[in-house]
Amino acid sequence: MGKGKNKSKRKNHDKDNRYSMDTHLIYGKNISDKWDYSHHVTTPISSSTTFRLDSVERGAEGFQQFANSAQQEGKPPIYIYDRLGEPNKDLLEENLAYVEKGEMAVSFATGMGAISAVLGVLTKSGDEIVAHKTLYGCTLSLLTNWYPRYNIPVKQVDLTNEENLKNALSEKTKVVYFETPSNPNLDIINIHRVAKIVNQANKNREEKDRIQIVVDNTFATPYCQRPIELGADFVVHSLTKGIGGFGTDLGGIVIGPKKFKDAILLYRKDFGAVLSTKSAWAILTYGLPSLPVRQKRQIKTAQRIAEFLNYHPKIEKVNYPGLRTFKYHALAKKQMVDFNGNFAPGSLIYFVLKGKNPKESKEIGRRFMNYIADNAYTMTLAVSLGHTRTLIEHPASMTHSLISADELIEHGIDAGGIRLAIGLEDENDLLLDLDAALNSI
Ligand SMILES: *Cc1c(COP(=O)(O)O)cnc(C)c1O
């Protein structure tokens, strides 16, 4: 770790924009003060919960530097204990901040660890959160089961309509929170417009009272969308999904302005949702370098499958940003673009099976899913997404099953709605299994 020891003539290319982001995702920050390992091609794995300190003085300096950017500025880190920080996580954080165009990143054990940390740092009792009406199930639970207990009310409104946002903001609002595309129905929220409205509301506020925009970018991944470039303050991800990419490790990340890094690190240390080093290493070694290849393939397949589903007589509607018939297609085309500016509509599809009423649709959905569970080779009945395997789930009877069939629609979910998360299979094989499943209902 010593600075100056293995000094080589190696050039730093991390901000060298002659190289494409696809390449940067493979090499990352090729020289980092987080860890000096100049003779490994693949990052070695750090496997130590605690770190030897050369002297009491070095220990004291390490504790003073922890979560203290001003003290740490320009110095290589002094590692003390894995819950405070460790090289594999630091390297992953540097690379993820870079790809999302944020100033800093802090990793967490899971996506929920990241989401609860950013909200925990940005709010206190008496503040309010404004959130989109449709959210990932556990985020919805966090905001509706826990935050009211801390006296932090959450207003859920339809953020696809700007007027709703303007009406929902109050003196007490500290955070505007949403996913785009949202889970599971793929609503698209105009990040740039939300930022404009929030900036207006922030005009008369002191720096410390500013409303912060937090976007869960898990569905799009940074390959398809970089919310900070569009005006968001923070991005959160479940690294468990498209970024991890193989379905082997849980993880989460918060990316945002430098000035919040110390508070988020302190929160992570004390609440303890620390990313496992082995998972950080796997995401750094397998997930990030393969993100562009996987996304390109998944987008191509998703487009073909969405077009097939769109004209199927047993399907009422298909939400996929790449479909011209999709309500938010024009907006998606503007905000979901890859590193070269090409439209990148993502790997998730939401479609609704026809039924006479919510009850019947829910029942048809149940039968459709059970047929797939028994017969399909290329689709797996499972939650999660961004996997090598295509995963399919029925929110009404699974992730959102606690909500009654009639109330689902208030949360933007249809009783017959199916979420399909495309994997890396041959598209024709997926069509074979989907066609058979649709014929069975
Ligand atoms: C999975 C997911 C989360 C939670 O992530 P975990 O890693 O499972 O904790 C949050 N938001 C979205 C959109 C997700 O898909």
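Student: Where is Lys101 found?

Tutor: Lys101 sits in the loop between helix 4 (87-99) and strand 1 (104-108). Helices (H or I, at least four residues) and strands (E, at least two) are DSSP runs, numbered from the N terminus. This is a predicted model, in which local features need pLDDT of at least 70, side-chain atom pairs count only at pLDDT 80 or more, and totals for chains, interfaces and linings use all residues. Residues are numbered from 1 along each chain as its sequence is written, and side-chain values use heavy atoms, with hydrogens and water left out.

Student: What is the phi of Lys101?

Tutor: Phi of Lys101 is near 60 degrees, a positive value in a residue other than glycine. Asn151 also has phi near 60 degrees, and its place is in the loop between helix 6 (137-146) and strand 3 (154-157).

Student: How is the accessibility of Lys101 and Asn151 to be read?

Tutor: Buried means under 20% relative accessible area, exposed over 50%, and partly exposed in between (1.4 Å probe, protein chains only). Lys101 is partly exposed, with a relative accessible area of 42%; Asn151, at 44%, counts as partly exposed. For the protein, 54% of the 441 residues count as buried.

Student: How many helices and strands are in the protein?

Tutor: The protein contains 14 helices and twelve strands. Its radius of gyration is 22 Å, close to the 22 Å that the globule rule gives for 441 residues, so the protein is as compact as a globular protein of that length. That radius is taken over C-alpha atoms, and the rule is 2.2 Å times the number of residues to the power 0.38. Along the principal axes, the C-alpha atoms fill a box of roughly 75 × 50 × 35 Å.

Student: Which peptide bonds are cis?

Tutor: The bond from Thr180 to Pro181 is cis, with omega near -5 degrees, and the bond from Asn183 to Pro184 is cis, with omega near 0 degrees. Pro181 lies in the loop between strand 4 and helix 8 (191-202); Pro184 is likewise found in the loop between strand 4 and helix 8.

Student: Are Asp127 and Lys174, which meet in a salt bridge, buried or exposed?

Tutor: Both Asp127 and Lys174 are buried. Their side chains meet at 3.1 Å, N to O. Asp127 lies in the loop between helix 5 (111-122) and strand 2 (128-132) and Lys174 in strand 4 (residues 173-179), so the pair ties together parts that are 47 residues apart in sequence.

Student: Which residue forms a salt bridge with Arg304?

Tutor: Arg304 pairs with Glu427, the closest N and O atoms being 2.6 Å apart. The pair links distant parts of the chain, with Arg304 in helix 11 and Glu427 in helix 14 (residues 427-439), 123 residues apart. Arg304 is partly exposed at 35% relative accessibility, whereas Glu427 is buried, with a relative accessible area of 16%.

Key
Salt bridge = Lys/Arg side-chain N within 4 Å of Asp/Glu carboxyl O.
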